[in-house]
Amino acid sequence: MTMKLSKTSKGFLINIGVTLAAILASFIVGAFFILLVGVNPLSVYWKLFEGIVLNPYGLAQTLFKATPLIMTGLAIALGFKANIFNIGAEGQMVVGGFVCAWLGFTFSGLPAFFLVPLCILGAFLGGVLWAAVPAILKVRTGAHEVITTIMMNFIALALTNYLVTYFFHLPETVHTQLTSQAAFLPRLDQYISAFKGSPANVTLFLAVALCAAFWWLIWKTPYGYETRAIGLNPSAAETGGINIRRNILLTFLISGGLSGLAATNFIMGYKHYFEEGFSQGVGFMGIAVALVGQNNPFGIIFAALLFGALSHGTLVINALVPKDIIQILQALVIFFVISANLLIKKYTAKLNEDRS
Amino acid sequence: METTETFAIELSGVTKRFGGIYANKDASLKVRKGEIHALVGENGAGKSTLMKILYGMYRPDAGEIKVNGRAVTLKSPKDAIDLRIGMVHQYFMLVKTLTVAENVVLGEEPVKNGFSMDYAGAREETRRLIEKFNLLLDPDALVSNLSVGEEQRLEILKILYRKADILILDEPTAVLTPQEIKYFFDIIRKLSSEGKTVVLITHKLKEVLALSGSVTVMRQGATVARVETAGATESSLAQLMVGRPVVFQVERAPRTKEELEKSDTALSVRELKAMSAKGHAALNGLSLEIKKGEIFGIAGVEGNGQSELIEILTGLKRPVSGSVVMLGKDIDFSRNSPRRMFDSGIAHIPEDRHKKGLVLDYSVAENLILGRHREPAFSTMTAIDFKSVAAFSAKAAGDYGIYPPRTDLRAGALSGGNQQKIVVARELSREPRLLIVSQPTRGVDVGAIEFIHKKIIETRDLGCAVLLISAELSEILSLSDRVGVIYRGQLAGVFGAGEVGEEQLGLLMMGGKA
């Protein structure tokens with residue numbers, strides 16, 4: 001047992017080291033692009049550091065932006081475990097958000113004790129509902145989820161826009177009415193005054209709890225064992241008597257539910273209404289978070305914080321350089337971290353090579 | 001005489017490490033010009049590594065390589081090809097959508113008029129080589145339409161086109177049917193008579209004796225002996241490979257007719273019809289009956305309905321018509337699943353351990369419970385009991401001699417024989433009443449074959465019925481109490497133990513009359 005631990009922890013440390021080196025490399029290459037627009041990269045990076053790490057408000061904004069990214073990152077990572085590529089997190093999040101807000105202003109008479117769980121459950125089920133269509137199509141007909149989930153994204157946007165525009169918008173606005181106060185989740189600045197002004201809220205704790213649940217589900221339960229087996233070798237799983245279709249259906253639905261939950265950060269913790277475009281690509285960004293976090297819940301927290309920080313960084317350096325620089329940095333991080341991980345895999349595979 | 005002789009290949013003192021583990025340790029190899037030389041050893045003995053060094057795919061940590069008496073350094077396969085060394089890998093590397101001739105010239109295309117590819121010239125040269133070495137291929141055939149045997153001949157043709165004088169063949173017969181193997185032997189002899197030097201990597205000792213002039217035996221990365229085939233026997237070579245005497249024919253008493261008649265029926269298959277995945281008729285009214293405590297062997301060329309039969313019996317497939325009574329229960333195919341079949345007392349050792357038997361990226365322990373992970377001994381609804389899994393897997397690894405005995409290792413890191421032992425351990429420890437076994441010793445070394453055969457007999461002796469499907473006729477004959485031959489989805493004859501020989505089975509397998 002001790003041997004096993006030391007071996008895995010060594011691999012773990014190498015992994016972290018290489019990932020950090022890859023991030024450093026992406027900032028070095030990013031400096032080149034900053035030079036191209038005629039600005040000193042060091043001053044940009046210092047500004048980023050100052051605005052995100054040294055400034056409590058920046059820190060809070062990073063947490064706020066990271067919260068939904070953790071959830072969509074988990075959603076996509078869960079799918080990856082069973083070889084499902086759920087690109088529909090965006091649409092699932094939008095539908096989850098709509099259901100969440102609708103419950104919040106429709107059942108406005110309920111006390112917080114009932115309304116908060118109801119809204120959270122609604123966000124989850126909204127995501128489940130939206131994932132159900134591609135999930136059922138996949139296990140029944142073999143329709144590839146990459147195609148179907150992308151289409152479901154468009155339908156989700158169009159449908160919620162229609163509902164808001166024709167039935168639910170407040171006059172002169174493009175958003176719904178506010179939810180009942182009972183569905184408001186407390187902001188962190190209530191407890192930490194330095195976070196004043198940031199909408200960072202307790203949904204963060206929900207996200208972290210989901211990471212723990214994800215870890216337990218994947219590594220400790222028979223369901224997780226089956227899911228990993230399906231992802232690694234579906235025919236061996238099937239031969240061994242694992243019901244692949246049922247597992248894929250279930251995994252896809254949970255993945256959709258996690259995406260739906262990502263909406264709670266905005267709806268219950270920030271604006272308290274549903275608004276067109278509130279998801280801001282968080283569903284797609286979740287793919288990058290899952291990849292950089294290597295489908296590991298703790299890696300996902302790290303990756304979500306990184307992308308959350310960069311996302312807030314757009315505002316921090318706005319005065320110095322065009323905000324596209326941040327997008328270039330994000331792309332470089334994804335590129336370098338994923339390449340570095342492939343290199344590690346290749347290297348360890350060479351060490352383990354079959355010596356027949 | 002011996003000292004002045006030049007060898008086509010001379011490797012000495014070759015050492016190669018991966019991580020901290022020696023794949024080759026002071027290994028040597030000498031091959032005379034124009035001879036057929038066999039390189040034998042168990043899985044993991046370092047044969048393939050040594051050959052990959054000779055082919056320039058790995059660079060040795062130490063050691064000398066001489067080709068035709070000249071010391072050389074090989075940086076890549078390109079260097080080896082320039083020295084007229086060619087290698088046919090165990091897994092073929094062909095472009096399925098191109099023709100035979102196009103595959104042959106790929107990478108070294110003949111050119112005419114300075115820039116356009118000379119298709120006619122490519123075909124002509126391919127045809128010439130096919131005739132010279134009697135390879136029986138059509139230069140214009142699409143590779144996707146070739147049989148496995150034909151693909152292999154195409155791989156040989158490719159390296160002949162590159163003017164190889166030294167041919168290395170890695171486990172060439174592992175994928176061939178008995179008939180194809182015969183023809184393959186003829187080709188190798190033809191190559192040798194044309195002056196080519198051939199190195200065969202294998203662990204099938206019968207082939208070594210039939211084909212080679214001399215043999216190098218490897219064990220644990222080192223060369224343990226180089227002997228002339230003329231003085232060797234199967235058991236002398238096996239002893240060198242394993243390091244101890246090996247039993248080929250496992251001790252067992254075949255069931256007599258009277259015993260079988262008295263015994264209860266464990267499996268009864270009637271008029272089974274089924275389609276293959278591609279939509280062809282795969283089973284055409286197959287019937288068979290297996291008694292408790294009997295091993296029923298099915299011989300046959302692959303693709304005659306064996307896979308479909310197994311899939312039906314393990315709940316992976318539904319037949320078109322017919323019935324199966326298993327352990328006294330009439331199987332309801334509309335509600336069938338592998339899970340139900342396992343629960344009713346069957347166990348299944350699938351033909352392809354990499355594809356169906358194991359999750360290579362799972363640990364040995366995780367693989368030992370695959371399909372059994374929902375049993376109350378290993379898990380509740382909400383959590384797997386990793387303590388009991390560890391205890392169970394440590395015991396299974398001990399009982400079945402899984403080496404190394406570290407159940408936390410990735411299954412993919414073990415040798416083929418030990419991987420197969422994982423599958424055997426998992427399935428037999430279910431204590432099944434009906435065992436379905438397919439190709440249990442394919443790609444497995446002699447020591448493990450002996451062990452797996454013993455375990456199958458032990459299971460039979462406990463009263464389990466065994467359905468054994470194998471392409472190895474010697475395996476079928478040495479284990480089965482009764483033998484059936486499957487041909488085009490039907491049984492073309494059933495024989496008692498000792499009533500039939502390899503020759504006769506071979507004929508029936510090809511659709512002939514016994």
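How many residue pairs are in polar contact between chain A and chain B, both residues being at pLDDT 80 or more? The points below take up that count and then other features of the model.

1. In this predicted model, the count between chain A and chain B is 13 residue pairs in polar contact, with both residues of a pair at pLDDT 80 or more. On the side of chain A that touches chain B, the elements giving two or more residues are α1 (2-36), α7 (203-220), α8 (222-232), α9 (234-239) and α14 (324-351) of chain A. Of these, α8(A) gives the most, with eight residues. By class, the residues of that side of chain A divide into eleven nonpolar, eight polar and ten charged.

2. The contact between the two chains draws on 29 residues from chain A and 42 residues from chain B. The size of an interface is often given as the accessible area lost when the parts come together. Here chain A and chain B bury about 3,000 Å² between them, and 57% of that area is on carbon and sulfur atoms.

3. Side chains of opposite charge can pair when their charged atoms come close. Across the interface of chain A and chain B, two salt bridges are found. In a salt bridge between the chains, B:Arg374 pairs with A:Glu226, and the closest N and O atoms are 2.9 Å apart.

4. Over all chains, the structure holds 33 salt bridges. Within chain B, B:Arg226 forms a salt bridge with B:Glu35, where the closest N and O atoms are 3.5 Å apart. This pair links distant parts of the chain, 191 residues apart, since B:Arg226 belongs to strand β12 (residues 222-228) of chain B, while B:Glu35 sits in the loop between β2 (21-32) and β3 (36-40) of chain B.

5. The structure holds five cavities of 30 Å³ or more, and in the largest cavity lies about 70 Å³ of space. The largest cavity is lined by residues of both chains, namely A:Thr239 together with B:Ser307, B:Ile310, B:Glu311, B:Leu316, B:His348, B:Pro350, B:Glu351, B:Lys356 and B:Ser438. Helix α10 (residues 306-313) of chain B gives the most to this lining, with three residues. By class, the lining of the largest cavity has three nonpolar, four polar and three charged residues.

6. Two details of the backbone may be recorded as well. A cis peptide bond joins B:Tyr403 and B:Pro404, with omega about -5°, and B:Pro404 is found in the loop between α14 (386-399) and α15 (416-428) of chain B. In chain A, A:Gln280 has a positive phi of about 50° although it is not a glycine, and A:Gln280 lies in the loop between α11 (264-271) and α12 (282-292) of chain A.

Key: Residues are numbered from 1 along each chain as its sequence is written. Chains are lettered from A and ligands numbered from 1 in the order in which they are written. Side-chain values use heavy atoms; hydrogens and water are left out. Contact means heavy atoms within 4.5 Å. Buried area is the accessible area (1.4 Å probe) that two parts lose on being put together, summed over both. A salt bridge is a side-chain nitrogen of Lys or Arg within 4 Å of a carboxyl oxygen of Asp or Glu. A polar contact is a pair of N or O atoms within 3.5 Å; within protein, one must be able to donate a hydrogen and the other to accept it, and residues adjacent in sequence count only if both atoms are side-chain atoms. Helices (H or I, at least four residues) and strands (E, at least two) are DSSP runs, numbered from the N terminus. Ala, Val, Leu, Ile, Met, Phe, Trp, Tyr, Cys and Pro count as nonpolar, Asp, Glu, Lys and Arg as charged, and the others, Gly among them, as polar. On a 1 Å grid over the protein atoms alone, a cavity is a set of points where a 1.4 Å probe fits but cannot get out, and a pocket is an open set with protein on both sides within 12 Å along at least five of seven lines; lining residues have an atom within 4 Å of a point. Grid points are joined across faces, edges and corners, and a volume is the space filled by probe spheres set on the points.
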